[in-house]
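Dear colleague,

Please find below the structure that I am handing over to you, with its sequence. My findings follow directly after it.

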Amino acid sequence: MHKYILHRLLLLIPVILGVTFIVYSIMYLTPGDPAQIILGESAPPEKVEQLREEMGLNDPFIVQYFRFIKNGLKGDFGRSYSTRRPVFEEIFARFPATLKLTIAGVLVAIIIGIPVGIISATKQYSLFDNVSMVGALLGVSMPNFWFGLMLVLVFSVTLKWLPSGGDNGLSSLVLPAITLGTSAAALITRMTRSSMLEVIRQDYIRTARAKGVLEKKVINKHALKNALIPIITVVGLQFGYLLGGAVLTETVFSWPGVGRLLVDAIRQKDTPMVLASVVFVSVTFSFVNLMVDILYAYVDPRIKSQYK
Amino acid sequence: MATAKKSKKNKKRSQWSEVWRRLKKNKMAMVGLTILTIIVLLAVFADFIADYDEVVIKQNLKERLQGPSAKHWLGTDEFGRDIFARLIHGARVSLKVGIISVGISIIIGGILGSIAGYYGGLIDNIIMRTMDIFLAIPSILLAIAIVSALGPSLMNLMIAVGISSVPSYARIVRASVLSIRDQEFIEAAKAIGASDLRIVLKHIIPNTLAPVIVQGTLGVAGAILSTAGLSFIGLGIRPPAPEWGAMLAGGRAYLRYAWHVTTFPGLAIMTIILALNFLGDGLRDALDPRLKQ
């Protein structure tokens with residue numbers, strides 16, 4: 001098992017390097033001279049040139065990229081063009097808010113998705129099943145930022161129950177979490193349903209029933225355990241996906257997370273900030289996927305045994 | 001010879017008519033197809049329904065933020081423009097972005113996937129590991145990075161959305177190619193001296209079409225959603241051009257007094273996505289009955 005984890009961790013290195021290379025290349029192609037942006041439009045050309053030289057912008061692309069990696073390994077991802085503070089400081093300051101929102105979104109998705117999926121599967125083609133499947137389809141078809149605005153319209157503007165934005169305590173987390181979690185809830189519902197349906201048809205479930213095990217126990221203990229394996233993958237993938245999707249939800253609810261930092265940075269043409277936030281979220285995303293795979297191996301002994 | 005050709009043609013036709021027959025039986029898919037047809041017709045004949053310059057673009061501040069009425073079915077936006085007219089013209093933008101960006105992903109992903117699957121070995125490894133790296137970046141972030149680098153415009157939006165979903169098509173095509181590559185009819189084609197290009201184009205690609213069509217249909221939905229999202233954060237098409245995500249974002253400031261400005265564009269997006277999802281699911285079942293359980 002340790003060998004497996006080590007193997008996967010090592011595989012992460014080329015992925016992270018690749019991600020930084022791709023994002024760095026994209027940002028390198030961005031039109032506009034960073035030195036000019038920092039000094040402003042009216043700065044004299046000599047000064048701009050001097051700053052370009054200081055920042056190493058006159059070096060070839062590959063030299064600049066390796067310098068970026070070298071500094072990055074030391075935790076230095078440059079300074080924001082607009083605030084002049086180290087970008088990593090800003091990202092770290094904002095990351096807890098994004099993480100909180102993402103975890104809350106995943107929780108919403110799990111709390112809705114798994115029970116609804118199980119009930120749908122045990123009562124296949126019932127009214128409950130049909131309603132929840134239509135609901136799940138609507139859930140994946142809605143633009144989540146629009147759904148968020150509709151929630152604001154109902155619960156903040158009309159009913160005045162919940163705040164429409166900001167990060168002030170639990171009540172302000174409710175709407176953003178539902179907004180972010182809905183599409184994931186829909187996917188988890190569908191996955192749970194189909195995974196359960198597949199498992200309940202198997203022989204060992206018939207055996208358990210024949211033995212006279214209570215139906216509740218058959219479903220919750222015997223069936224769910226095996227049905228969970230693909231569900232865990234979906235939950236994990238969704239966790240990573242929501243981390244990226246939080247960009248839109250954060251914009252809707254003025255949530256002070258990395259997503260909004262990124263959107264603001266794009267508006268201000270703050271390249272180091274854009275670069276670092278995309279790399280940061282992608283690396284977190286990869287780590288989450290790795291953890292899901294490891295968890296997967298724990299849950300499914302068949303995978304574990306391959307790496308003994 | 002002539003009869004052989006004829007029977008081959010018949011068989012070909014019957015294969016697709018078989019798919020169509022199965023699709024027709026699927027109520028949800030037919031609902032989806034009907035909704036899509038209506039939206040496409042509205043988009044095609046948009047100019048006959050509402051003039052672009054006079055109704056869709058021109059501001060009329062006297063009538064701003066009016067609720068739905070007989071004159072303005074879905075009300076007016078913050079510049080007094082008819083929302084229904086803008087939605088119809090916006091459908092053109094969304095359909096165009098959806099189809100072209102998926103086209104970009106299918107072409108690039110298809111080429112990479114077939115090369116990787118057909119040749120295997122080192123080439124396969126290089127291509128697929130590169131795809132893994134692209135997959136490690138959440139697609140919305142990749143699209144944001146590309147648009148912010150290229151600058152916001154319709155073309156750049158399509159490129160960004162298209163590139164960000166290349167890896168999933170590459171994977172699908174590679175998997176199908178791998179499953180076909182070692183079959184006997186490919187061996188037979190090789191034995192009679194067919195070139196690699198001919199084998200891939202004539203024998204392998206047609207057999208990978210089913211999963212690509214399904215993924216493509218669902219992909220158009222995804223592309224429309226991503227575009228709306230990018231427009232929502234201000235990386236989309238520049239105003240005053242009508243785009244659903246941008247219209248929705250424009251209404252955000254007036255949510256308190258004019259709910260309809262935000263609500264209707266969102267409903268429009270949801271309707272088209274739902275229709276595409278219905279059709280995509282139906283196509284999957286119709287193209288590969290084995291998958292249906």
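The structure is a predicted model. An unreviewed UniProt entry lists residues 91-280 of chain B as "domain: ABC transmembrane type-1". Over this stretch, chain B is 83% helix and 0% strand.

I then examined how the two chains meet. Chain A contributes 40 residues to the contact, and chain B contributes 34 residues. On the side of chain A that touches chain B, the elements giving two or more residues are helices H1 (2-28), H6 (127-141), H7 (144-158), H10 (215-252), H11 (258-267) and H12 (271-299) of chain A. The largest share of that side, eight residues, is supplied by H10(A). Sorted by class, the side of chain A that touches chain B holds 30 nonpolar, nine polar and one charged residues.

The axes of H1(A) and helix H4 (residues 61-73) of chain A come within 11 Å and cross at roughly 130°. H1(A) is therefore oblique to H4(A), and the crossing in which H1(A) passes H4(A) is right-handed. From H1(A), the contact is made by Thr20(A), Phe21(A), Tyr24(A) and Tyr28(A); from H4(A), the residues are Phe61(A), Tyr65(A), Phe68(A), Ile69(A) and Gly72(A). By class, this contact of H1(A) with H4(A) has seven nonpolar, two polar and no charged residues.

Yours sincerely

Methods: Residues numbered from 1 in each chain as written. Chains lettered and ligands numbered in written order. Predicted model: local features only at pLDDT ≥ 70, side-chain atom pairs only at ≥ 80, totals over all residues. UniProt positions renumbered as here; feature names shortened; annotations may be inferred. Helix = DSSP H or I, 4+ residues; strand = E, 2+ residues; numbered from the N terminus. Contact = placed C-beta atoms within 7 Å. Nonpolar A, V, L, I, M, F, W, Y, C, P; charged D, E, K, R; others polar. Axes fitted to C-alpha atoms, helices over the stretch in contact; angles between N-to-C directions. Parallel < 35°, antiparallel > 145°, perpendicular 65-115°, else oblique. Left-handed = near helix turned anticlockwise from the far one by under 90°.
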